[in-house]
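Dear colleague,

Please find the structure below, handed over for your records. My notes on its pockets follow it.

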Amino acid sequence: MELNNSCPISSAMQILGGKWKIIILSRLMDGKLRFGELAYMIPLISGKVLGDQLKEMERDGLVLRQQFIEIPPKVEYSLTEGAIQLKKILQDLCDWQNKHSLTHQKS
């Protein structure tokens, strides 16, 4: 199957693709989190990469960034309504992985 801009799968993968976006989405499914909380929950991601991914996800309409005017500054991230609709898909992916016990092996 050839993927191009008119293919819905290709378009979705352009938005959701990459190593960290699905993981970030899954962590935000339970509610709002601060940057430090996300970083703690995803220990293998660097702060720069997490920040870059959150900016892309905000730009693409997956994540809402709410900044509070206080000292120290406080920022919370949450999912948009569109991103919340991915919950069933993410759960189906988890169920599929658990059912098939697939492992990723590097060649």
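Which helices each supply at least two residues of the lining of the largest pocket? They are helix H2 (21-28) and helix H6 (87-100), where helices are DSSP runs of H or I with at least four residues, numbered from the N terminus.

The model is predicted, so that local features need pLDDT of at least 70 and side-chain atom pairs count only at pLDDT 80 or more, while totals for chains, interfaces and linings use all residues. Residues are numbered from 1 along each chain as its sequence is written, and side-chain values use heavy atoms, without hydrogens and water.

A pocket here is an open set of points on a 1 Å grid over the protein atoms alone, where a 1.4 Å probe fits, with protein on both sides within 12 Å along at least five of seven lines; lining residues have an atom within 4 Å of a point. Volume is the space filled by probe spheres set on the points, which are joined across faces, edges and corners.

The largest pocket holds about 370 Å³. Of its 13 lining residues, Ile22, Ile23, Ser26, Leu90 and Cys94 lie nearest the centre. H6 gives the most to this lining, 5 residues. The classes are 6 nonpolar, 3 polar and 4 charged (nonpolar: Ala, Val, Leu, Ile, Met, Phe, Trp, Tyr, Cys and Pro; charged: Asp, Glu, Lys and Arg; polar: the others, including Gly).

The second largest pocket has about 190 Å³. Helix H1 (8-16) and H6 each supply at least two of its lining residues, and H1 has the largest share, with 4. This lining has 9 nonpolar, 2 polar and no charged residues.

Yours sincerely
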